[in-house]
Amino acid sequence: MWRRVWVIFWLMTICADLASAGVIGRVETIGFESLIRSDRWVPVQVQITSDDAAPQDYQLQVVQHDLDGDDVVYARPVIVNPGTETFWTYFKPESIQGGLSGGPTGAADLSKRLRIYLATPDGTKRVVQLSVAGAAPFVLDESARDKSDKLMVIAGRRLNASEFDAGKKSVFGLAENVVFASISLRTMPDNVLGYDAVDAVIWTDLEVDQLASQQFRALRQYVERGGTLVVLQHPEAARMAKLNDFLPVQVGRVETTTLTEPLRTLLLEGVPNEPNTETGRRVNWFANATGPFRMARSQALPGAIVPHWIDWPDGSRTPYIARHLYGMGMVVWVAQDVSDPSVRNVELGWPNFWAKVLDWPIGGVSGRNTYDYMRAPP
């Protein structure tokens, strides 16, 4: 009887400790739009709410298993202020029993495989387990049967990437599938580990000045350590000035123009201009480019490679695509923001464009079935 009373008292004490802690939390995102790799560092963003009157020190822990089934703890100290805020942490997925993709069918199963806690500062006592409901990851290298996957992270406005969708078979000769995921200023990692699974970061219209210092440092370290950054020149050049040190060009002014070149050629290179079998008329593949178009005049810096140029009506010539090495990585600059609605609605040829930007060896791009035309592989 006394043992039973002691157990009940002990359970009540634990519950009272948790309640007095005044803190709860949940996982907001795992990876980039839930995309992760099984052998790379994974970024996790968590939301923590505290009703304590003053800031409290905790240790944010992610618990996984090693090959022997023992616990591996990835810990990060955090200061939790009153109210609600978000934190980043990072871990490597466990590889036993299929890893994170091998079994989770719901939040209950996932919470057994991916255990995330707030613990006391010394890590000895776990105060609360964070909910992972709705945060199930999708493991890229598990989804690929015949190809691996390139993970392209878009910082800002989405691009036209429909031709890369699985099952469309629009790209011939590319050795990897290409998967795009979007991030916002709020969801950009604050540590270079967060980019471990990323093949390229494509900067569209985010205002770089709003990045926290840790986020900007993580992006810089990602490129310096071998990553690829693609910068699409925004019409408001001033909002991208903080990225100028990365660029292979010195950006001048951005001009409004009716020029469709060189983008038109880059998109439609190798796509025959054949008549539609129903109407007898040739298809205007560029009809959905509404214009006007905005492109930047720039000057290539020493050591930059310029594979494509803009030929202006006044006879001058400036880079359209330029790239150079940055640390151990690469930075590519494009004179035009192709996420802009003026050109984004072009429905064909974007794999061609990205092959030119990132120097991918692809064999060609198919036409779309809606135009009653399909190009055969070379």
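This is a predicted model: local features need pLDDT of at least 70, side-chain atom pairs count only at pLDDT 80 or more; totals for chains, interfaces and linings use all residues.
Residues are numbered from 1 along each chain as its sequence is written, and side-chain values use heavy atoms, with hydrogens and water left out.

Start with the whole protein. It has seven helices and 20 strands. Helices (H or I, at least four residues) and strands (E, at least two) are DSSP runs, numbered from the N terminus. Of the 378 residues, 48% are buried. Buried means under 20% relative accessible area, exposed means over 50%, and partly exposed lies in between (1.4 Å probe, protein chains only). The protein exposes about 18,400 Å², and carbon and sulfur atoms supply 51% of that area. Accessible areas come from the Shrake-Rupley method with a 1.4 Å probe; for residues, only the protein chains shown count as cover. Now look at contacts, meaning heavy atoms within 4.5 Å. Among contacts between residues at least 6 apart in sequence, 68% join residues at least 24 apart.

Next, find strand 18, residues 317-326. Eight of its 10 residues are buried. Which way do strand 17 and strand 18 run? They run antiparallel, joined by five bridges. Two strands pair if DSSP finds at least two bridges between them. Trp 309 has Pro 319 in strand 18 as its bridge partner. Strands 17 and 18 form a hairpin with five residues between them. In its turn, Gly 315 has a positive phi of about 90 degrees.

Strand 18 also pairs with strand 19, residues 329-334. Six bridges join these two strands, which run antiparallel. Here Ala 322 stands opposite Trp 333 in strand 19. Strands 18 and 19 form a hairpin with two residues between the strands. In this hairpin, Gly 327 takes a positive phi near 65 degrees.

Move to helix 4, residues 213-224, which holds Leu 219. Is Leu 219 buried or exposed? Leu 219 is buried, with a relative accessible area of 0%. Leaving out residues up to four places away in sequence, Leu 219 touches Tyr 195, Val 201, Trp 203, Leu 229 and Leu 243. Val 201 is 18 residues from Leu 219 in sequence, and their C-alpha atoms are 8.9 Å apart.

Aromatic rings come next. Rings of Phe, Tyr and Trp (its six-membered ring) pair if their centres lie within 6.5 Å; planes under 30 degrees apart count as stacked, over 60 as edge-to-face and the rest as tilted. By this rule the count comes to 10 aromatic pairs. One of them is Phe 164 with Trp 360, an edge-to-face pair at 6.4 Å centre to centre, with 90 degrees between the planes. Phe 164 lies in the loop between strands 10 and 11, and Trp 360 in the loop between helix 7 and strand 20, so the pair ties together parts 196 residues apart in sequence. Phe 164 and Trp 360 are both buried.

Trp 350 and Phe 353 also pair edge-to-face, at 5.6 Å centre to centre and 75 degrees between the planes. Both lie in helix 7, three residues apart, about one turn of the helix. Elsewhere, Phe 32, Tyr 195 and Tyr 222 form one aromatic cluster.

Finally, look for charges over rings. A charge sits over a ring if NZ of Lys or CZ of Arg is within 6 Å of the ring centre and within 35 degrees of the ring normal. Arg 126 lies over the face of Tyr 117, at 4.6 Å from the ring centre. Arg 297 lies over the face of Trp 312, at 4.2 Å from the ring centre.
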